[in-house]
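This briefing is meant to be read with the coordinates open. Please follow each topic in the viewer as it is taken up.

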Amino acid sequence: MPPIWVALPLCLALCTPLQGEVYTALSELEELLDTESVLLKTLHQYISDQEHRIAVLKKHAVDYEKEHSIAARDVTNYLSNPINDYLLVKRLTSDWHKTEKLMQDPYYETVMKNLTQYRELLKFPTDEDLTGAATALIRLQDTYKLDTASVARGELNGIQYSTQLSAGDCFELGRQSYNGYDFYHTELWMNEALKRHEQERSNVTVRWEILEYLAYSTFMQGNLKKALDLTIELLSILPNHERALGNLAYYEAAIKNGTTEIDKSEQTPKAASAMLDPEERERYHMLCRNENLMPVQISSQLRCRYSNNNRDPHLLIAPLKEEEAYFSPRIILYRDVLYDNEIEVIKRMAQPRLKRATVQNYKTGELEFADYRISKSAWLKEHEDVVVATVAKRVEVMTGLTTETAEELQVVNYGVGGHYDPHYDFARSEETNAFKSLGTGNRIATVLFYMSDVAQGGATVFPWLGVALQPVKGTAAVWFNLYPSGNGDLRTRHAACPVLQGSKWVCNKWLHEVGQEFRRPCDPKENIQETISR
C-alpha cells in the first residue's frame, strides 16, 4: 500500500467569525490590529487574575505585544509588508487558538464570554484568510524568485523589512502548502522550519511533526531515499508512530523493488496561474521582476510630450503630460492627472463598500470569485460626488470618447500579494453573455488611474508586448481594447503583478462602444482577426 496521507486537523478559531476575507485588501487588515489590541488587553487582565499559573501565557503575551508594538509605530508601513500581514493573520488564527487552550481554568468562562462579544463587534480573520495570506507569500516567492531563507529572515529582494519567521511560522507556511497539494513548497518551508527548530531554545512546533510533513512531501517530489531517512529519524523520536511505521515499510519495499514512479492521483488540479501558457507565465513574471523584454528598436522610439489633444479647449492652458509606453497597440501614460485631494475622496467613498473582486464567467456571464484575482473593489457613481464626475470628464478629455455609456468608476485595493493574472478587459467573440445586461457593447478602451505609489511590485504588464507600467500616484494609463473594426485586440492582454511591498490602490474607467460611433468610427473593411502577435 502507498504511504499514508498526513491528514492533520486544521487549527480552528473558537467560532466562525462574522467577517472574513480580510487578506484580499490591505485596507481591511488595519482593523485586525485594533482587534489584536483588544485581545491583548483581555489577555493581560486575565494574566493579572492568574499570576500563579501564567508562566506560559506570559510568554505568548510578550510575543504578541512585541510584534503589535512594532506595528503600532507605523501601521501603514507595517501592513504594507506581506510577511507582517501573514504573521498578523496567523497570530489571530492558529496562534490565538493555542492561547485560548492555555486559558482553560476557573476564570476561563468569563473571559470567553468577553471574547464572544468581541467577535460580534470586531473584525476577525478566518482560516481562509490564513490560507490566503500564506498562499500570497508563496506566490511572491515564485514570482520574484525570493530565497526561502531570505524570506524567513524578513527580507524581500534583499531589503530587511520585518521580524524573522520562527520555526512555527515556517511550519505553518509548509502546512498550508501541503493542504494545497503543493509539495514543492511544503518541502522548502519544512526544511526551513527544521533549521530554525534546531536554532531555537523554546519550540512550540515539535520536531517529529516537521519530519512527518517533510518526509511525505519529499516522497511526493520523487526522493524515496530521503523520505526513508526522514521517516527513520521520526521513528527514533516516536518509535510507535503508526503512520510512520506504515510509510517506512512502503518506502523500503519500493526501494527494494526499484520503484521510481510516484502515484500523484492524490493531487488536485493546479491553480489558474499554473495553467497559464508557460511562455506567457514566464514573460509575466520576468516583467514583474523588472527584466527588460522590449526590443531597443521600439523603446528607443518612445517619446513624451505636452499634448492638447488637437487643441481641446480644456487643454490649451494646461496640456496633458503624455508619455508613450507602446506604439501598436497604443498605450499612453498621462502624468499628474489625478490629484491627492481627489484620491482621498475616492478612497474615503470606496472603503466602506469594498467587496471581493470578481471575474465574469465567459459561459454564463455571471460574476464569480477567482484565485487569480486577489483584491477588493467598489463602484462609484458620478452623481455621488463632484470628484467622481470630474474624473469622468477628465477621461473624456484624455480619450476623446464619451463616458455616457461607460461603467461606473471601479476602485480597487489589492490584498496580501494582491495580483490579477493575465486577462483581457474586452469580451471575446465566444463570451456572448459578457456586458449583455449593460446594452452598451464591448469595452472599447481602458483608463487605469494609479492612486498610490508602490515600493516594490504591483506593475501593470503586457506579457506579449514586453511592457511594464510601474504604479505612480496620479498617473493614468490609457489603451484601446478594440480595433476600429470592433474586433478585440488580443495584444492588450495584461496583468497586475503581485504587490511585494506597499499598498496598491487603483481606479478604472471602462468605456464602451455605444455612443462612440462618430468619435471613433468603425472600419468594417479592416477585417482584423483575433490573433495575437508575439
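The model is a predicted one. Helix 8 and helix 10 are each largely enclosed by the rest of the structure, since 12 of the 13 residues of helix 8 are buried and 11 of the 14 residues of helix 10 are buried. A search of the whole structure finds 1 disulfide, and the structure holds 2 cavities of 30 Å³ or more.

**Helix 8**

- The end C-alpha atoms of helix 8 are 18 Å apart, which agrees with the 18 Å that its 13 residues should span at 1.5 Å a residue.
- The buried residues of helix 8 include Asp 169, Glu 172 and Arg 175, together with Phe 171, Leu 173 and Tyr 178.
- Cys 170, also among the buried residues of helix 8, has a relative accessible area of 0%, and is therefore counted as buried.
- The cover over the buried residues of this helix includes helix 4 (82-102), helix 6 (127-143) and helix 7 (148-152), as well as helix 9 and helix 10.
- After helix 8 comes Tyr 181, which has a positive phi, near 60°.

**Helix 10**

- Helix 10, made up of residues 207-220, reaches 20 Å from its first C-alpha to its last, which is close to the 20 Å expected at 1.5 Å a residue.
- Its buried residues include Glu 212, Ser 217 and Thr 218, and also Ile 210, Leu 211, Tyr 213, Phe 219 and Met 220.
- Among the elements that cover the buried residues of helix 10 are helix 8 (167-179) and helix 9 (183-199), along with helix 11 (224-237) and helix 12 (242-257).
- Helix 10 is followed by Gly 222, and the phi of this glycine is positive, near 95°.

**Cysteines**

- The sulfur atoms of Cys 288 and Cys 497 lie 2.0 Å apart, and the two residues form a disulfide.
- This pair joins distant parts of the chain, 209 residues apart, with Cys 288 in helix 13 (residues 278-288) and Cys 497 in the loop between strand 17 (494-496) and strand 18 (499-501).
- The link of Cys 288 and Cys 497 is left-handed, with -90° about the S-S bond, and both of these cysteines are buried.
- Cys 304, with a relative accessible area of 62%, is exposed, whereas Cys 170 is buried.

**His 494**

- His 494 is found in strand 17 and is buried, because its relative accessible area is 5%, where under 20% counts as buried.
- A polar contact of 3.3 Å connects the side chain of His 494 with the side chain of Asp 425.
- Leaving aside neighbours within four places in sequence, the residues in contact with His 494 include Asp 421, Pro 422, His 423 and Asp 425, and also Thr 460, Val 461, Phe 462, Pro 463 and Trp 479.

**Second largest cavity**

- The volume of the second largest cavity is about 30 Å³.

Technical notes
Residues are numbered from 1 along each chain as its sequence is written. This is a predicted model: local features need pLDDT of at least 70, side-chain atom pairs count only at pLDDT 80 or more; totals for chains, interfaces and linings use all residues. Side-chain values use heavy atoms; hydrogens and water are left out. Helices (H or I, at least four residues) and strands (E, at least two) are DSSP runs, numbered from the N terminus. The expected span of a helix is 1.5 Å times one less than its number of residues. Buried means under 20% relative accessible area, exposed over 50%, partly exposed in between (1.4 Å probe, protein chains only). Contact means heavy atoms within 4.5 Å. A disulfide is a pair of cysteine sulfur atoms within 2.5 Å. A polar contact is a pair of N or O atoms within 3.5 Å; within protein, one must be able to donate a hydrogen and the other to accept it, and residues adjacent in sequence count only if both atoms are side-chain atoms. On a 1 Å grid over the protein atoms alone, a cavity is a set of points where a 1.4 Å probe fits but cannot get out, and a pocket is an open set with protein on both sides within 12 Å along at least five of seven lines; lining residues have an atom within 4 Å of a point. Grid points are joined across faces, edges and corners, and a volume is the space filled by probe spheres set on the points.
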